[in-house]
Amino acid sequence: MKPQTPQIPSDAARLSAAADFVREHDTAALLSLLLPGLDALESRALEDRCHFSHAALLVFPPDPATLRAELASCGLAVDPDAEPAPSVVVRDRLAARHRHDPAGLDVRILRPSVPGPGAEHRTVEVFALTVPPGSGLAAVAAYERAREHEAHLAFEVEHPDPLVLRGMCAILTGHGAVPDGGGYNPHEDGTVFYFTAPGDTKAGYGRVELYAPGDHRAVLAAHLGTPGQAPAAHPRTPGPAHPARSTRSAQPAETLLRLLTGAWTTQALACFAALRIPDAMSTDTALTGGPLADRTATDPESLARLLRYLGMLDVVTGDEENGFRLTPAGALLRADAPGSLRPLALLYGGPFYESFAALGHTLRTGRTAFDHVFGAHHFDHFARHPELAGLFDRSMAASTRMFEPLTGHPVITAAGMAERPATVVDIAGGNGELLARLLTAHPRLHGTLLERPHAVEAARRTLADAGCADRCTFLTGDFADVPPDGEVYVLSRVLHDWDDDRCTEILRHCARAMPAHADLLIVERLLPTDGSPSLAVSWDLHMMCNVGGRERTASHYARLLAAADLALLSRTPLPLEGHVLHARKSARA
């Protein structure tokens, strides 16, 4: 018996299915279908940073009137007077697949609105190629309807920055999604990242789009794997995309000159922060040089020239005639900004800037430049200068966005739901910011914070402000004083401060204190193994020069853990290119 050929749905049925899909699916449920292997921490990281925005498909109406009628029958209304924009990329993809002259493929885009489950605004993105009866394009239409090459789901990234985008791309590729193009749309000022969905996806769509408002062509170049080439145009773009600027596409002398001025950038940002100029500005209202100079006790002409330079860095926006205002990046240099990076700017433009000038000493001797310049290890030097110690602790707190998903880590969640109240031990927990987040998110958890005397006092204030001090024990001591009987032990951005021998010693102190059932969570940046750009590579140079520690690969940490009779069980990406490593006592311990 001859097998029946599967019936291909009509365009009207496909439009109706896409509209229903967009109406019915919320972001969290859709992510779990799209990436079945997501754990709770990864899912939370994605949910907090993006939302489902649209589903897209390619249809082949015989004429525009038929398309509008089919859209209306599905409840998809479009402005009858609006002229659909051309889609250059979908046109070119079709031309390449079918070896057809692009000039004969007039692909247009419509975006009828659809309310989501909570009445949030969404769309169905409709690519339309008109195929009149008897047209030679009928075979193209049949092939594309059967394979749905252009159908995709799209998620819009909220408040994107390069670190967030790299982290989100890493989660998708880590679960089997494959980079599949993208582009920057200068007309909408947005960047799109395409992926082929993983083989085990249950979402019913073969492609995924991340849409990030703003120009993120540097991240896009890494996504495309072709730095120095122009990213493709976004399908929303009625013309070609602007080429991504990269160091490889510039002349060698220009590239090197730009790199050599990096020290100027550091000092410009540090002085901008130190003089509290961002505190006198906002992201909403532009100020000209004169009034801003009066507010900040600076020289008007010098200030105008600094602002012009910072405008080139996208820290401020505007001009001398109309005034300047802060960009979202510049706003992070305000002292009152949530997650303010002002303390970090003052450190990098202050003591660490001085010590980096002695990098050659480290390269010649293998010894830390900071010790050479200041005569002591940076922890000891800061301890003798309370203002620097406070600045350092606040600078560590500036990266607390890395901690946000940790409250949903399966180990923390299980401890928070345990029948008997569990204890989280934060070793060298700084000012208590991380522990406060964990205890706030899980009211049944108890905490123990181990730190140096001055840091313990700062942590008391942090936990008190969070309303959690009554559930926390504060211990003054060193790594040898790790307390027993905790359920979860945390080392957050601690191990990278030390060499391998000291790290192994610290981990052995933890292993000796940990009960057999306890978990160890380690928060660090991981060096890439494929040579890809990473903050960890930059921080590794910083650790070598200023601290005497290093960044490491996951396998390097696994070896250190094994030397302390601990076993690495898993690793999960965090914001700001961080990772959380989960370890337990090994079977032989």
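Modeller: A patch here is made of residues with over 30% relative accessible area and no salt bridge, and nonpolar side chains are joined within 5 Å. Keep in mind that this is a predicted model.

Colleague: Fine. Which residues form a nonpolar patch on the surface?

Modeller: L256, L257, L259 and L260 do, and together they have about 440 Å² of accessible area.

Colleague: Where is L256?

Modeller: L256 sits in helix α9, which covers residues 252-260.

Colleague: Let's move to aromatics. How many aromatic pairs are there in the whole structure?

Modeller: The search finds 13 aromatic pairs. One of them is F21 with F52: the ring centres are 6.2 Å apart and the planes are at 85 degrees, so the pair is edge-to-face.

Colleague: Which parts does that pair tie together?

Modeller: F21 belongs to helix α1 (residues 11-24) and F52 to strand β1 (residues 50-59), so the pair ties together parts that are 31 residues apart in sequence.

Colleague: Are F21 and F52 buried or exposed?

Modeller: Both F21 and F52 are buried. Another pair is F352 with F382, where the ring centres lie 6.1 Å apart and the planes are at 55 degrees, so that pair is tilted.

Colleague: And where do F352 and F382 lie?

Modeller: F352 is in helix α15 (residues 351-356) and F382 is in helix α18 (residues 378-384), so this pair ties together parts that are 30 residues apart in sequence. F352 is buried, with a relative accessible area of 4%, and F382 counts as buried at 2% relative accessibility.

Colleague: Which residues do ring pairs link into a cluster?

Modeller: Y348, F352, F370, F374, F379, F382, F392, F479, W498 and W539.

Colleague: What lies over the face of W498, and what over the face of W539?

Modeller: Over W498 it is R502, at 5.3 Å from the ring centre. Over W539 it is R525, at 4.5 Å from the ring centre.

Colleague: What about P351, where is that?

Modeller: P351 is in helix α15 and is buried, with a relative accessible area of 9%. From P351 to F370 the C-alpha to C-alpha distance is 8.3 Å, although the two are 19 residues apart in sequence.

Colleague: Back to strand β1. What do the side chains of H54 contact?

Modeller: H54, which is found in strand β1, has a side-chain polar contact of 3.4 Å with S53 and one of 3.3 Å with E125. H54 counts as buried at 2% relative accessibility.

Colleague: Salt bridges next. How many does the structure hold?

Modeller: The structure holds 26 salt bridges. R145 forms one with D11, where the closest N and O atoms are 2.8 Å apart. R145 lies in helix α6 (residues 138-147) and D11 in helix α1, so that pair ties together parts that are 134 residues apart in sequence.

Colleague: What does R122 meet in a salt bridge?

Modeller: The side chain of R122 meets that of E120, at 3.0 Å from N to O. R122 is buried at 2% relative accessible area, while E120 is partly exposed at 31%.

Colleague: And E433, which residue does it form a salt bridge with?

Modeller: E433 pairs with R437, and the closest N and O atoms are 3.5 Å apart. Both lie in helix α21 (residues 433-441), four residues apart, about one turn of the helix. E433 is partly exposed at 23% relative accessible area, and R437 is partly exposed at 25%.

Colleague: Which residues are linked in a network of salt bridges?

Modeller: R97, E144, E150, D180 and R207.

Colleague: Last topic, the backbone. What is phi of R276, and of A297?

Modeller: Phi of R276 is near 55 degrees, a positive value in a residue other than glycine, and phi of A297 is also near 55 degrees. Most residues other than glycine have a negative phi.

Colleague: Where are R276 and A297?

Modeller: R276 is in the loop between α10 (262-274) and α11 (289-296), and counts as partly exposed at 42% relative accessibility. A297 is in the loop between α11 and α12 (300-312), and counts as exposed at 74% relative accessibility.

Note on methods:
Residues are numbered from 1 along each chain as its sequence is written. This is a predicted model: local features need pLDDT of at least 70, side-chain atom pairs count only at pLDDT 80 or more; totals for chains, interfaces and linings use all residues. Side-chain values use heavy atoms; hydrogens and water are left out. Patches are made of residues with over 30% relative accessible area and no salt bridge: like charges are joined within 9 Å, nonpolar side chains (Val, Leu, Ile, Met, Phe, Trp, Tyr) within 5 Å. Accessible areas come from the Shrake-Rupley method with a 1.4 Å probe; for residues, only the protein chains shown count as cover. A salt bridge is a side-chain nitrogen of Lys or Arg within 4 Å of a carboxyl oxygen of Asp or Glu. Helices (H or I, at least four residues) and strands (E, at least two) are DSSP runs, numbered from the N terminus. Rings of Phe, Tyr and Trp (its six-membered ring) pair if their centres lie within 6.5 Å; planes under 30 degrees apart count as stacked, over 60 as edge-to-face and the rest as tilted. Buried means under 20% relative accessible area, exposed over 50%, partly exposed in between (1.4 Å probe, protein chains only). A charge sits over a ring if NZ of Lys or CZ of Arg is within 6 Å of the ring centre and within 35 degrees of the ring normal. A polar contact is a pair of N or O atoms within 3.5 Å; within protein, one must be able to donate a hydrogen and the other to accept it, and residues adjacent in sequence count only if both atoms are side-chain atoms.
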